[in-house]
Amino acid sequence: MMRSVMCAAAVIAAASAAVADGDAERGAKRFEECVACHALEKDKESVGPSLYGVFGRKAGEGADFRYSPALKRSGITWDQASIDSFIADPQATVPGNRMPYAGIADAAARADLIAYLVRTFK
Amino acid sequence: MVTRLKEVDVVIVGLGWTGGILSKELAEAGLKVVALERGSMRSTEKDYSLPNIRDELRYVVRHDLMQNTARDTITVRNNPSQEALPMRRLGSFLPGEVVGGSAVHWSGHTWRWTDMEFKVRSNYEERYGKNFIPADMTIQDWGISYDELEPYYDRFEYTAAISGKAGNIKGEIKPGGNPFEAPRARDYPLPPLTAILASEMFTAAAKNAGYHPFPRPSANASRAYTNPDGAKFGACQYCGYCQRFGCEANAKGSPHITVIPIALKNPNFELRTHSWVTKVLKDSDGKKVTGVAYTNILNGEEFEQPASVVLLCAYAINNVHLMLLSGIGQPYDPVAQTGVVGKNYCYQTGVGATLFFEGRHFNPFMNAGGSNATIDDFNINWNFDRGPHNFVGAYNVSGGFNTVLPIGYRPVPSGTPQWGKAWKAATAKWYQTAMTIAASGSVMANRYNCYDLDPTYRNAFGQPLMRMTFDYRPNEHRMGEHAAKVVNDIAKSMNPTRLNQATARTQPWTVVPYQSTHNTGGTIMGTNPRDSAVNKYLQSWDCHNLFVVGANVFPHNASYNPTGPVGALAYWTADAIKRYVKSPGPLVAA
């Protein structure tokens, strides 16, 4: 367990520099890829947990959702950098998490998406 | 004691694609609709999410989403001289039994059947003369045309998030699509899925041979998508768990994420799960139906649900079974060739080759329900002359993968021992190196292929089981030989290290192994009550307030998967019922 936490932390540290200023408008479009599973409204759990209040939340906590043990153990606190690294390759960042999504390889597209989340929640 | 419930406008038996579409459409038209579903409520959130959904034992071996044969099954024989025996375990086909029906566990292949099918007898008689069609081949025109159905195909494709590439938009042939398809008003709602290595290799080989490969249209959303009703789809993740599973990513076009939740939000609609309909009730003179009788299978409580309109939207076999159990329409007699209910049961046929390429890594665990490339050169293409080959019908050929599961998929070259150390070594060696090329073929109606009620065996409700009499005929065997040669020629041109060749089937049909959940016919559509059970609006000729919706209305089976026309006909029938309720009566004069 300790190893996977350190692993995740290392990936986050490496990725944080990559979070550039994204475009929230493009991000809103990009977020359409997420809405089949994630709502932005409070307490609206679906196939995935609501993303309401995601910034500052500990991974695997917050929403009334059956999170995977892997995510609960990950030790991640969601901020722009950690969301960026997670979304880049979810299974590599938190092996065994139960989100069926292959990730967004394009750093600029991730930055747009995160900018949209920031605009929505800040 | 039977509890008689308050009358509603419409009662719908079965809540899959057809029941879901009709529930939504008719509730929105202001009608009070009750849907009765045998199975339980299931959802992506609770049931089809990771990691639990990726369970081959539960969903593939134990058929968690399918009909429970301990409660009701069918009996099977190849011809009327045999005694039919019950199918005690599902095998050749897998009817769904949950909210969403078989459309939860389908792959998503969605085709437009054309006038090649709808005018089958006229077409062949015109081209090859009356004598070309064998005397016992009871094919007939459907009484509907492609042009009538085109807007409804479009509607279904946009509802179900079909990914594909148009080959013919308003008569203009589009490169990369299927050049043989009938003209469509516009392209698919989504671009094709990303091609996997196996389908790329098949595409190249098919092109080299002069054929016209194209990506298979399928209800696996290639991108995130919002359908015209506002239902949200995620993008397909190519997880490989498509056929026999609910989609974990909400990327597969299924009624439980589209039409059904919309209906459930409508106050005009009510869903009752675990409700097993045993009979459609008729009035005293048998000219109309009055509702249905059903049993709550959790506690055995019996109900009568009166309704102004009854819609049979269960699995194709079960719709026909209910018609026979309820005594609606004259049962078909294959010897005397009288009656219509049970007539023209059809299935599908096919051949396949497995190619092994030493050193290649196909990553077969990574695919979508529709990640194949297909050729229709021997299918809806009249330039392919059936005359010299002496068969009626057609087949398509495809290469690629479609749900090859980590445990169940064990390709090995022929000649490998079937168990033990040598088998284990071979499966480890060849797993990554194999791909398949397969042909899926039509089955034409035959006077002896039919349904009736079994004289011996009964279900949990004490009712006779459905009896299926079916076998392939020389027509299908001749087509199989032609298809095997085409498949093998393409396969050989690809120079595989090893090749398990396609061979035409000659053995009688059996209920094992799994073959195809494309059972058609039994309450066929047509132009008159003498040789069909329903008219072109799927309205019973006998009782005008009864509609029978599903592949059971197909007078024969094509090479294509049936869900395209099944979905289109559901929308078509919804429009017909909206007209019907304003002035009830036969929509086509008998």
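User: Which residues of α9(B) are buried?

Analyst: The buried residues of α9(B) are B:Ala316, B:Ile317, B:Asn318, B:Asn319, B:Val320, B:His321, B:Leu322, B:Met323, B:Leu324 and B:Ser326. Buried means 20 or more other C-beta atoms within 10 Å of the residue's own; exposed means 12 or fewer, partly exposed lies in between, and C-beta atoms are placed from the backbone. Helices are DSSP runs of H or I with at least four residues, strands are runs of E with at least two, and both are numbered from the N terminus. The model is predicted: local features need pLDDT of at least 70 and side-chain atom pairs 80 or more, while totals for chains, interfaces and linings use all residues. Residues count from 1 along each chain as its sequence is written, and chains are lettered from A and ligands numbered from 1 in written order.

User: Why is α9(B) called largely enclosed by the rest of the structure?

Analyst: Helix α9(B) spans residues 316-326, and ten of its eleven residues are buried, so the rest of the structure largely encloses it. Just after α9(B), B:Gly327 has a positive phi of about 65°.

User: How do I read the packing of α6 and α12 in chain B?

Analyst: Two packed helices are described by the angle and the distance between their axes. Here α6(B) (146-159) and α12(B) (563-580) have axes that come within 8 Å and cross at roughly 110°. That makes α6(B) roughly perpendicular to α12(B) (65 to 115 degrees; under 35 is roughly parallel, over 145 roughly antiparallel, the rest oblique). From α6(B), B:Leu149, B:Tyr152, B:Tyr153, B:Arg155 and B:Phe156 take part. They meet B:Gly564, B:Gly567, B:Ala568, B:Tyr571 and B:Trp572 of α12(B). A contact needs C-beta atoms, placed from the backbone, within 7 Å. By class, there are seven nonpolar, two polar and one charged residues (Asp, Glu, Lys and Arg are charged; Ala, Val, Leu, Ile, Met, Phe, Trp, Tyr, Cys and Pro nonpolar; the others, Gly among them, polar).

User: At what angle do α4(A) and α6(A) pack?

Analyst: Helix α4(A) (80-88) and helix α6(A) (107-121) pack at about 135°, with axes 10 Å apart. That makes α4(A) oblique to α6(A). On the α4(A) side sit A:Gln80, A:Ile83, A:Asp84, A:Ile87 and A:Ala88. Helix α6(A) brings A:Arg110, A:Leu113, A:Ile114 and A:Val118. The contact divides into six nonpolar, one polar and two charged residues.

User: How many residues join chains A and B?

Analyst: Eleven residues of chain A contact 15 of chain B. The chain B side has seven nonpolar, five polar and three charged residues. Take A:Ala36, in the loop between α2 (24-30) and α3 (69-73) of chain A. A:Ala36 counts as buried because 24 C-beta neighbours lie inside 10 Å. Beyond its neighbours within four places in sequence, A:Ala36 contacts B:Ala224, B:Lys232, B:Phe233, B:Gly234 and B:Asn250.

User: How many residues of domain 1 and domain 2 of chain B are in contact?

Analyst: Domain bounds come from an automatic or database assignment. In chain B, 22 residues of domain 1 contact 32 of domain 2. Helix α6(B) gives the largest share of the domain 1 side, six residues. That side divides into ten nonpolar, seven polar and five charged residues. The domain centres, taken over C-alpha atoms, are 29 Å apart.

Definitions and conventions
Two residues are in contact if their C-beta atoms, placed from the backbone, lie within 7 Å. Axes are lines fitted to C-alpha atoms, for helices over the stretch in contact, and angles run from 0 to 180 degrees between N-to-C directions.
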